[in-house]
Each structure stands twice: as C-alpha cells, then as structure tokens.
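Please keep the sequence and the coordinates in view while reading.

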Amino acid sequence: MKKIYVQEEWCLKCRLCEYVCAYANSGCENIVFALKNRPISPRITVEDDGKICFAVSCRHCDDPSCLKGCISGAISKADGVVRIDKNKCVGCLTCVLSCPYGAISVGPEGTATKCELCIGNAGGTPMCVRFCPNRAIICE
Amino acid sequence: MSMKYVIIGNSIASTGCIEGIRATDKDGSITVIGAEPHHVYGRPLISYLLEGKTDLERIKYRPDDFYEVNKCEFLSGVRAVKIDLKDKVVETENGGTIPYDKLLIATGSRPFVPRITGLEKYEYHTFMTLDDALRLDKKIRETANAKVLIIGAGLIGLKCAEALRKYASKITVVDMADRVLPSILDAEGAEIIKKHLEANGVDFVLSTAANLDDFKFDILCVCAGVIPETGLAKAAGLEVGRGIFIDDRAATTAIDVYAAGDCTESVSGVTGARGATPILPNAYIQGETAGINMAGGRAVCDKYIPMNAIGFFGKHILTAGVYDGETVTVKRDGGFKKLFIKDGLLKGYIFIDDFKRAGIYTALIRDKTDLSGIDSDALADDISLARVYKKNRRDEILKKTDLRGQGV
Amino acid sequence: MPINYEDNIYEVIRNRERCINCRVCERQCANLVHKYSAETGEMVSDSMTCVDCQRCVSLCPTKALKIIKNINTYRDNANWSESAIKSLYKQAESGGVLLSSMGTPEPYPVYWDKILINASQVTNPSIDPLREPMETRVSLSRRPQNVERDGEGNIVNTIKNALTLSVPIMFSAMSYGSISYNAHKSLAIAAKKLGIFYNTGEGGLHRDFYEYGANTIVQVASGRFGVYKDYLDAGAAVEIKMGQGAKPGIGGHLPGEKIVDDVSKTRMIPKGTDAISPAPHHDIYSIEDLRQLVFSLKEATNYTKPVIVKIAAVHNIAAIASGIARSGADIIAIDGFRGGTGAAPTRIRDNVGIPVELALACVDTRLREEGIRNDIALVVGGSIRNSADIVKAVALGADAVYIATGALLALGCHLCRSCHLGKCNWGIATQNPELVKRLNPETGSVRLINLVTAWKHEIEEMMGGMGINSIEALRGNRLMLRGIGLTNKELEILGIYHAGE
C-alpha cells in the first residue's frame with residue numbers, strides 16, 4: 001500500500017496542501033464554497049520551525065497507537081489505511097493523545113479526523129500530493 | 001497439533017489478545033469466556049450510551065462478525081470460577097471444564113464500594129458495565145425530576161453526572177477529596193473543571209465523607225473507583241499484588257498463563273514504578289502482547305505511562321505522565337495547558353481545551369526524549385515535530401519507519 | 001518629499017468572491033505584494049512592487065487572482081510612447097543605466113515567422129516517423145573535406161573529438177550565480193538523460209555537478225571565473241565566450257549579493273564581491289590571439305575536447321566567423337540579439353546586434369563560399385522558441401541550436417524579466433535559499449526532458465513531411481524553405497526563395 005512521504009527539502013510552506021485537503025474532505029464540489037469564510041479542518045499540517053518546514057499527516061503506522069487506544073473501536077486498519085468511523089467515534093480524543101505525529105485533530109462534527117489517503121474522495125492520488133507545487137509530498 | 005487458547009473475560013484486553021493470536025496463529029482454537037452476555041464493547045462508552053450519544057449497535061467495539069471472523073468460540077454470559085494450573089483447565093460456573101494450552105486472564109475490575117454512612121438503607125447503582133448503564137437508564141427514565149447523588153468525583157462519577165444531567169433535576173457529587181478528578185488533574189486544572197461542571201448544573205460537596213442521611217436524593221450512584229478483579233488468579237496461586245503481576249511479555253508467574261488489562265499490575269519501563277495503569281489503551285496493548293506471545297511470537301510492552309482523554313459538557317481534558325517538575329503554563333483562548341518538565345525531560349502534562357497535536361507530547365514523555373536544548377516556553381507553545389526532533393527526523397519520522405519502540 | 005513619477009506597471013486584480021484568505025499568494029511573493037490585513041480580515045495587494053511573474057496566479061487554489069497591465073494611461077503620443085516616458089523618468093530619478101533581463105521585448109522582425117517549411121507530395125513521398133527510422137542525432141566537429149579509405153577500401157574515421165547530440169538541441173550558457181543551483185541541476189540531469197549538453201556559462205562548475213561532466217560544456221569567458229585544470233577536464237567541450245547576443249560588446253556584472261557561499265567558491269572569487277567580466281578578453285585582440293587561446297585550451301585538455309567559440313551576432317559576423325573557422329576552433333556558436341540574459345543594460349539589449357536568422361544565413365553562405373564550412377560546426381541560439389524554429393535553423397545551415405530562454409520557461413520562468421532583482425519567485429534567477437528551493441530538480445529536469453522530447457517528435461514529423469529521414473540531410477537545405485512577406489534583400493541574405501517561387 002502506498003504511503004505519503006514528505007521531502008522536507010522541497011517544502012515551500014505555501015500550505016496549499018492544507019487547503020486542498022480541507023477542500024477534498026469538505027464534501028463540497030466547489031472549492032470556494034468549501035473554504036470561504038468558514039473554519040477549515042485540514043488533515044495535513046505544515047510545520048514551520050524557521051528553516052525547517054514540512055507537511056505532516058497520518059503515517060498509517062504499522063503499529064497504530066491510535067487504533068489500539070480507541071475506546072469505541074471506531075479506528076480500524078484495512079489495506080494499509082487507518083480509518084476513523086465517525087459514526088462510532090464519540091469524540092473522546094484518546095487518539096489525539098496517542099498519535100506521536102500529532103496527525104489527528106477534531107473535525108467539524110466533534111469527532112476525530114485524520115488523513116485517510118483520500119480513498120473516499122474522487123481520484124486515486126491524495127489531493128495534497130496532486131497539488132503540491134514542488135513535489136515535496138509524494139505517495140509511494 | 002493446534003493450540004487451544006482460552007481467554008477469561010471479554011473486553012478490550014481480550015480483543016487485543018484475539019487479534020494478537022490471529023496475527024500469528026490462524027488455526028488454533030480460541031475460547032472466550034465472558035461473564036457479561038454482550039458483544040464486546042468499550043467500557044468507557046457506557047456514559048455516552050446513557051447520555052444517548054451512542055446506542056447498543058454502535059457501542060460494539062468490533063463488528064458483529066468479530067468472533068466468527070477470528071474463529072472464536074464465545075461463551076456469552078458464562079463465568080469462570082476456577083483455574084486449575086496443574087491440569088490446565090478452566091472451570092465455569094455451569095460445571096464445564098475448558099482445557100487450555102495457553103490462558104489469558106482478562107477479568108478486569110469491579111466497582112469499589114467504600115464504607116458510606118447510611119448506605120445499607122438505600123438502593124444504589126454502580127457505573128461500570130453495560131448492564132449498570134442499562135439499569136441506571138431505566139431508573140432515571142422512571143423517575144421524574146430525579147435528584148441524583150453521586151459518590152465520587154473521579155472519572156466515573158463525573159462521566160455519570162454528565163450523562164444523567166439532562167434527565168435529572170439536581171445532581172450532587174460528593175467526594176472526600178478536596179477537588180475533582182484527583183487522579184488526573186492538579187488543583188488548578190481541577191478548579192477549571194469543577195467550575196465548568198458547576199456552570200452546567202452539577203453541584204459539588206467536596207472534602208466530605210458522605211453521610212447519606214444528610215442528602216435528599218432519588219437515585220444514588222456509587223462511583224468511588226474500581227479494584228482489580230484478581231480472585232481467580234489469587235486462588236490459583238499466581239503472584240498478585242493489587243493486580244495480577246505480569247512481566248513485559250504480559251506473562252504471569254504461572255507457566256502458559258498470561259494476564260492483561262485492568263486486573264494486572266506491572267513495572268513501567270518508563271517510570272520504573274510497579275503498579276496498575278488501568279487505562280483502555282494499555283488493556284489492548286497488553287492483550288495484544290499476550291496474544292502474540294501465547295501464539296509463539298515475540299512481543300514486549302512496558303512503555304506504560306498514565307494518560308487520559310476525557311471530556312465533560314464539551315470541555316476536553318487530555319493528560320499524561322506524572323506531575324513532577326517545573327511547570328510551564330499557557331492560558332489562551334479559554335484553554336489551559338500545563339507542562340511538567342524535569343531534568344530536561346517532559347514528565348507530564350495537563351491540557352484543557354488546548355490540545356492540538358497532544359500526542360507529540362505523549363511520545364516525548366514515553367520516549368524520554370532529551371529536551372534540554374529546547375526553550376520550555378517554546379515547547380509549551382505550539383508543538384511541532386520540527387521543534388523537538390532535530391536529528392534523525394528525516395529518516396525516522398518522515399520516512400519509512402514508525403515511532404513506537406524507537407528512541408528518537 | 002519629491003513627487004514620485006514611478007507608476008505601477010501591473011495591477012493585481014483579486015476576485016473577492018473567490019479569495020479564501022488562504023495567504024498562499026502572500027507566502028509565495030518575494031516582492032511582498034500580497035498581505036493579509038488582520039483588521040479587515042482580507043488580503044490586500046500592493047501592485048507597485050508586482051513584476052507580473054505570475055507565481056501567485058499559478059498557485060492560487062481558487063483562481064482568485066489575475067494580473068493585468070495598469071490601465072492608467074498617459075496621453076497618446078506615437079513618438080513618446082508611455083514606456084519611453086517611463087524609462088526617461090526612471091533615469092531622471094536614478095541617474096543610472098537602465099537594466100533589464102531576458103531577451104529584448106521590442107517588436108523587431110522575427111524571421112523564423114517569415115519562413116515556411118516545405119513538404120513532399122506525390123513525387124517524393126513523405127516519411128512516417130512512427131513507422132520508419134528517423135535520425136536526429138548530430139555530431140558537432142570539424143569534418144573532413146574528403147573521404148579517406150584504407151588499403152582495403154574501408155572508410156577511415158578522421159573525425160576527432162566530436163560532440164554527439166541525440167537531438168540538435170543544447171542548453172546554452174547560463175552561469176551558476178545568475179541562475180540557481182537547482183536550475184543548474186535540472187539542466188544537468190536533463191542533459192544527461194537526453195544525451196545532449198548544457199553549458200556552465202562563465203560561473204564555473206559546482207563540485208556537485210562534476211558527475212554530469214560528460215554532458216557539460218565548460219565556458220571560458222573574459223572574467224575567467226572558476227577556470228582551472230579540473231574544470232576544463234570535467235567538461236565534454238570548452239567554450240570561449242567572446243560575446244553574448246543580448247549584450248554584444250560589453251562584459252558581465254554579477255552583483256555581490258549573488259556571490260554567496262557556493263557561488264563564491266565555484267567562481268573562485270571572494271564572497272560578496274561583484275563579479276565583473278571585462279568587455280573584451282584582455283589577451284585577445286586578433287584572430288591570431290584567439291587561435292592562441294583555442295590551442296592553449298586544447299593543449300590544457302590534451303587535445304581531447306572540442307573548442308567552441310561563441311560570438312554575438314553583429315554586423316560583420318560573416319567575416320568574424322570566417323576568422324574563427326580558421327582559428328582552430330571546432331564549433332562556432334552564434335548568439336542572436338533577441339537572445340536572453342540574466343541582466344543587461346536595456347539600451348544595449350534593445351539596440352545592439354542583428355537577428356540570428358540573418359547572421360546564420362550569411363555565415364553559412366560565407367563559409368561555403370570560402371570552402372571552409374566543413375572545418376567547423378555551426379550552432380545558433382538567441383530566440384529559438386519551438387521545434388519549427390529549429391528545423392528552419394538547420395535548413396538555413398545550423399548544425400544545432402542552443403536554447404536558454406525556452407529551457408527556463410520549461411522550468412517555470414514566466415518571463416517577467418526581473419532576473420536582475422534577484423528575487424525570482426520561481427527559484428531560477430536567485431540565490432536566496434528560500435526561493436531556490438522552489439525549484440525541485442526532480443520536477444524541473446522532467447519538464448526539460450518533456451520539452452526536448454516533444455520537440456524531437458515534432459522535428460521528426462517535419463523532416464518526415466519533407467521526405468528527409470536524417471537531420472544531416474536537412475542541414476543547409478535551404479530549398480526546403482520559402483520566405484513570406486520578405487523583401488528581395490532579406491531573401492537574398494537568407495538565401496531562400498519567396499513562397500510561390
């Protein structure tokens with residue numbers, strides 16, 4: 001299964017990935033409607049610590065501590081993708097507490113959200129990968 | 001010759017064990033002896049059930065076909081009464097004997113009911129199992145404008161209070177301690193939560209040994225904590241302290257017998273302390289570790305630290321580690337964030353409504369990452385991997401490997 | 001405060017309905033045009049510093065931006081155009097020479113566009129390049145006048161030190177310093193994968209790029225920056241730069257700000273000092289002097305590498321080329337005046353030199369007339385924009401072409417012509433590390449490879465149309481060309497008939 005990797009020497013901290021991610025997961029067809037005048041919940045975060053910058057999203061760990069800590073059984077892993085069933089998630093945030101990458105956040109509905117490699121969205125390639133202007137995010 | 005695995009208990013540790021066994025051994029027979037007549041569910045979810053935020057379908061910890069897919073025989077509603085180490089059999093209350101090659105004890109805990117003045121005069125509820133929740137649900141629906149008295153201002157008591165709030169006319173929580181959630185919060189954090197709960201209609205009587213005759217109530221809930229369920233293990237002659245003692249492979253002192261979850265105690269590889277860390281993630285990981293080892297694989301778990309994520313009326317509390325060392329506190333946008341730092345190591349934290357990327361802090365505690373070069377204010381501000389992992393970041397964090405079990 | 005006569009040339013138009021305040025434009029603009037206003041909660045743009053590089057437009061996720069010409073209008077005047085007036089204001093303000101970048105934007109005739117290519121019909125069948133072999137490989141070297149055979153009748157190969165190209169295209173000189181490390185790396189990778197050559201320009205060769213030596217032409221220019229034995233040995237050929245199309249007759253000037261760490265090391269000059277290339281080579285005052293340098297370089301490289309002499313297309317080009325052909329050089333590179341550069345004085349760029357098409361035609365003609373065309377290979381550059389330009393150049397007599405502006409465009413350049421400001425938002429003409437990293441050579445090289453590959457296909461298709469299956473057979477085949485809308489004199493110089501003739 002493909003994973004997302006970042007090549008930090010090429011990250012421009014433009015943060016396009018955050019916006020296209022939020023768009024991809026908004027369920028909205030139009031990017032303007034999806035992102036304008038509303039808080040957005042990207043599942044990828046650009047870290048910027050002065051000289052170092054790179055995007056971080058779920059690593060889909062071999063040994064996912066979010067999955068093991070989930071109190072409701074909402075997190076599962078199949079075909080290499082760790083997913084959160086928001087129908088089962090009760091928003092306790094144990095996964096936020098557990099993820100060593102800080103890759104899980106609270107979505108608009110109060111449930112935990114994270115990168116699911118855009119498998120539920122149109123197109124095969126994750127949006128952040130597709131739209132990274134400098135190939136700083138790759139999927140392989 | 002295929003192995004016979006027997007698991008006493010049917011909760012999170014058992015699930016971890018089943019999945020651990022099946023990761024290694026696809027064929028051995030697995031028998032799960034569950035005293036509760038329910039599909040496996042997450043205990044902490046009972047308050048959400050009571051509150052109506054989940055239901056009997058969604059509360060299931062694994063899909064309906066879980067036992068079938070994993071080829072388990074699930075003895076639902078059957079209680080184990082004896083472990084015979086010599087003959088390697090488990091006896092059940094209905095007279096059955098179940099032979100095992102490898103045994104997991106995952107008996108969990110039971111509610112602790114302290115001595116309370118006047119308790120003998122009243123019917124009371126505990127709040128630990130699904131049946132407890134269903135009983136309480138029935139009761140609160142039958143009782144209009146109920147006045148509820150809860151003994152215990154810990155995690156269970158307060159979750160119970162939150163769940164019942166919308167049904168009750170008055171909720172009072174009594175505790176001997178001088179603050180709420182003493183197991184996870186310091187005084188400052190506790191005060192924030194207490195005020196928030198009060199604002200949501202929960203009254204407190206703290207620093208008080210309850211005398212039930214002093215209170216008017218329709219429903220009484222005793223939520224004074226839990227104690228490990230170690231009876232079977234003790235009777236079988238295993239080493240038992242407060243919990244059943246296990247090593248880092250989740251093995252007990254008896255051959256071919258493992259234990260996992262709330263019924264155990266162990267030595268933390270992080271803090272060096274021996275004791276119980278009865279939290280759900282540990283139950284799963286211990287169970288899984290036991291399962292892998294029972295099936296002949298090799299797994300180790302000892303990176304225990306206390307940690308908790310819990311919320312009340314929309315306010316989230318995330319805590320981890322121990323509260324030892326110098327503190328750095330950040331208060332912004334209604335949130336509260338406190339770090340405990342000692343000898344260049346992060347020891348613990350308390351986050352209330354300011355918890356972005358909290359897991360990075362948790363990993364710092366667990367991995368004892370050296371932070372001596374990093375300004376503690378910067379650490380308390382917005383955390384990032386870039387800030388705390390200076391070397392090896394490229395290879396270890398962003399490339400092919402996962403963090404767990406790796407010193408960064 | 002005195003009145004500021006300067007006026008913004010462009011205007012940033014932001015569609016407020018589409019702008020989501022993501023601030024990508026702000027983060028990507030090195031000219032600080034865009035800014036988020038916390039007060040109004042909206043983006044504001046200061047068009048004054050906008051150079052119309054289109055970076056923000058390209059990256060805006062909602063396509064909320066466009067950049068238009070400032071429509072603020074001066075009173076019409078055919079003689080004193082607005083740009084003429086503005087230039088004058090600028091100089092009245094600064095007292096300095098006007099600087100600009102890339103090739104001239106002035107509307108001089110582009111002869112490529114006035115030349116048409118032939119195709120076969122009926123009598124001489126065209127060739128389908130998808131079905132039949134098509135040779136685009138060329139070899140740049142001095143060629144023998146006669147075929148020699150040994151006692152058994154086998155052809156004796158007397159060709160020495162040829163540069164062999166898979167397509168008659170090379171990336172022309174752009175120095176490390178004027179363009180970024182990543183731009184150089186992109187060119188180097190692409191040249192290697194394509195089987196062609198790129199050119200160091202006069203900035204020396206970064207240590208990291210020695211591994212691409214087999215596809216590198218190392219340049220020796222009047223400043224001699226970065227020239228030493230290893231450098232000469234590293235390349236596949238050595239180019240002596242006598243002149244450059246965009247600024248014939250003058251030297252170069254790379255400002256001290258661009259002489260950062262590695263650039264200083266590569267050029268072998270102190271950090272922060274201006275790198276000034278003199279206008280002439282101080283050791284060359286005649287063809288004989290040039291011959292000396294050619295042979296010095298051959299001697300230094302043990303006669304293993306061809307030497308190229310690059311000159312700007314100027315009035316007397318044919319005679320100059322004739323001299324060079326006799327200097328011992330293997331290749332002449334002619335740079336036309338529409339060619340680009342990192343920075344040049346505007347007046348020179350826009351007024352000095354001649355178009356490369358005419359230079360090429362007259363040089364090829366002259367060398368043939370003198371019977372020395374085979375003594376030297378001919379490479380032309382300076383405004384090659386597409387594959388048809390290449391086909392025309394070859395038919396006019398070129399062995400190969402140099403492309404630079406085209407290569408930069410492939411790397412993302414939007415021809416904003418602000419290279420001299422050092423704040424290239426595309427990471428090409430800059431040494432600012434934050435900007436340099438915007439060009440990932442992994443993607444840059446792929447785009448270059450795509451471009452050249454696409455052009456190769458098109459060249460094959462045009463050759464096939466003419467019934468020609470080898471680019472060698474097209475070289476100097478001016479019958480394949482016809483002029484359109486050209487005067488008799490122009491046709492005479494180009495050595496082609498008018499369409500219909």
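The sections below treat the basis of the model, the chains, their contacts and some local features.

**Basis of the model**

The model is predicted: local features need pLDDT of at least 70, side-chain atom pairs count only at pLDDT 80 or more, and totals for chains, interfaces and linings use all residues. Residues are numbered from 1 along each chain as its sequence is written, and chains are lettered from A and ligands numbered from 1 in the order in which they are written.

**Domains of chain A**

Chain A is divided into domain 1 (1-57 + 117-140) and domain 2 (61-114); such bounds come from an automatic or database domain assignment. The centres of the two domains, taken over C-alpha atoms, are 19 Å apart. Between them, 7 residues of domain 1 of chain A are in contact with 11 residues of domain 2 of chain A, where contact requires that C-beta atoms, placed from the backbone, lie within 7 Å. The side of domain 1 that touches domain 2 has 4 nonpolar, 2 polar and 1 charged residues. In this classification Ala, Val, Leu, Ile, Met, Phe, Trp, Tyr, Cys and Pro are nonpolar, Asp, Glu, Lys and Arg are charged, and the others, Gly among them, are polar.

**Contacts between chains**

Chain A meets chain B through 32 residues of chain A and 39 residues of chain B. On the chain A side, at least two residues each come from strand S1 (4-6), strand S2 (45-49), strand S3 (52-56), helix H3 (65-69) and helix H4 (94-98). Helices (H or I, at least four residues) and strands (E, at least two) are DSSP runs, numbered from the N terminus. The largest share of this side, 4 residues, is supplied by H4(A).

Chain A also meets chain C, with 14 residues of chain C in contact with 16 residues of chain A. Helix H1 (24-28) and helix H14 (441-465) of chain C each give two or more residues to the chain C side, and H1(C) provides the largest share, 3 residues. The residue classes of one side of each contact are set out here.

**Chain B as a whole**

Chain B contains 12 helices and 22 strands. Its C-alpha trace spans about 65 × 60 × 35 Å along the principal axes. The radius of gyration of chain B is 22 Å, which agrees with the value near 22 Å for a compact globule of 408 residues; the radius is taken over C-alpha atoms, and the globule rule is 2.2 Å times the number of residues to the power 0.38. Buried residues account for 48% of the 408 residues. A residue is buried if 20 or more other C-beta atoms, placed from the backbone, lie within 10 Å of its own, exposed if 12 or fewer, and partly exposed in between. Of the contacts in chain B between residues at least 6 apart in sequence, 66% join residues at least 24 apart.

**Local features of chain B**

Three strands of chain B form an open antiparallel sheet in the order S4-S5-S6, pairing being assigned where DSSP finds at least two bridges between two strands. Strand S4 (80-84) and strand S6 (97-99) are the edges, each pairing on one side only. S4(B) and strand S5 (residues 89-92) of chain B are joined by 4 bridges, and Lys82(B) has Glu91(B) in S5(B) as its bridge partner.

Glu120(B) lies in the loop between strand S8 (109-111) and helix H4 (130-142) of chain B. Glu120(B) is exposed because 8 other C-beta atoms lie within 10 Å. The C-alpha atom of Glu120(B) is 9.8 Å from that of Leu212(B), 92 residues away along the chain.

Key. Two residues are in contact if their C-beta atoms, placed from the backbone, lie within 7 Å.
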